[in-house]
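Please read this note with the model open beside it. It goes through side-chain contacts point by point.

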Amino acid sequence: MNLDPGIVCYQHCEGRLFSFSLPSSCYLCGADLSVEPLTCPPFSDYRSSNDLHIGVTDSEGRVFEYDHEGLHSDYTSSWTQSLAVSVISDPATGRLDPVWLEYWDFTLHTMAQDPTWAEDRYDETSFNCYSFVLEFLKKLGPPGIKTKGLSKTSLCEQLLVPHTTAAAKYISLYRKLRTQTVVAVPPMKQ
């Protein structure tokens, strides 16, 4: 289920405007947008006290997660408010090379059989979901990620923070749009 209402970004006169739909007139200058050209045509891809939980997805879309119940993949449908972070993909196509895909699944499914990830070994602060993802990446050895010396902190810095920062901006914009019809972002000074 897609819970994203589809925030639309467009530009007519000054700055960028965000709303849930393209209005009939410009929020800033009042111009009729059905006849006035837009400086930036509308698009719907905005980039810019709970603990974060992470897991690894296999090629079939199952999320393998390690928590107080041990390593399991039976709650995939509960990951409705999540960010997908691509670790290995061809920059041109955005797809994973079939050889890497097979090796990814092999590595993940092999780890899933390892008793290391039993529920009795789980510790909320020292041996948790980050430990599992970190070990997976070390075993996988994906190109572009320095796995030697990779720690939970550097894992977050390299892979998670860039995505969570963009998500936080999007969530902030979404919350503003729940109380305002349009949010205007002034142009950057050069």
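1. Basis. This is a predicted model, in which local features need pLDDT of at least 70 and side-chain atom pairs count only at pLDDT 80 or more, while totals for chains, interfaces and linings use all residues. Residues are numbered from 1 along each chain as its sequence is written, and side-chain values use heavy atoms, with hydrogens and water left out.

2. Salt bridges. Side chains of opposite charge can pair when their charged atoms come close. The structure holds 2 salt bridges (a side-chain nitrogen of Lys or Arg within 4 Å of a carboxyl oxygen of Asp or Glu).

3. D58 and R62. In this salt bridge the closest N and O atoms are 2.6 Å apart. D58 is buried, at 5% relative accessible area, and R62 is partly exposed, at 33%. Here buried means under 20% relative accessible area, exposed over 50%, and partly exposed in between, with a 1.4 Å probe and protein chains only.

4. E135 and K139. These side chains form a salt bridge of 3.5 Å, N to O. Both residues belong to helix α2 (residues 129-140), and because they are 4 residues apart there, about one helical turn separates them. (Helices, H or I with at least four residues, and strands, E with at least two, are DSSP runs numbered from the N terminus.) E135 is partly exposed at 29% relative accessibility, and K139 is partly exposed at 42%.

5. Aromatic pairs. The structure holds 7 aromatic pairs. Rings of Phe, Tyr and Trp (its six-membered ring) pair if their centres lie within 6.5 Å; planes under 30 degrees apart are stacked, over 60 edge-to-face, and the rest tilted. The pair of Y66 and Y122 is edge-to-face, because the ring centres are 5.4 Å apart and the planes stand at 70°. This pair links distant parts of the chain, 56 residues apart: Y66 is in strand β5 (residues 63-67) and Y122 in the loop between α1 (98-112) and α2. Y66 is buried at 0% relative accessibility, whereas Y122 is partly exposed at 23%.

6. W117 and F127. This aromatic pair is stacked, with 5.0 Å from centre to centre and 5° between the planes. Both residues lie in the loop between α1 and α2, so the pair ties together parts 10 residues apart in sequence. W117 is buried at 6% relative accessibility, and F127 is buried at 18%.

7. Cluster and charge. Which residues do ring pairs link into a cluster? They are Y66, W117, Y122, F127 and F132. The charged end of R121 sits over the ring of F127, 4.8 Å from its centre (NZ of Lys or CZ of Arg within 6 Å of the ring centre and within 35 degrees of the ring normal).
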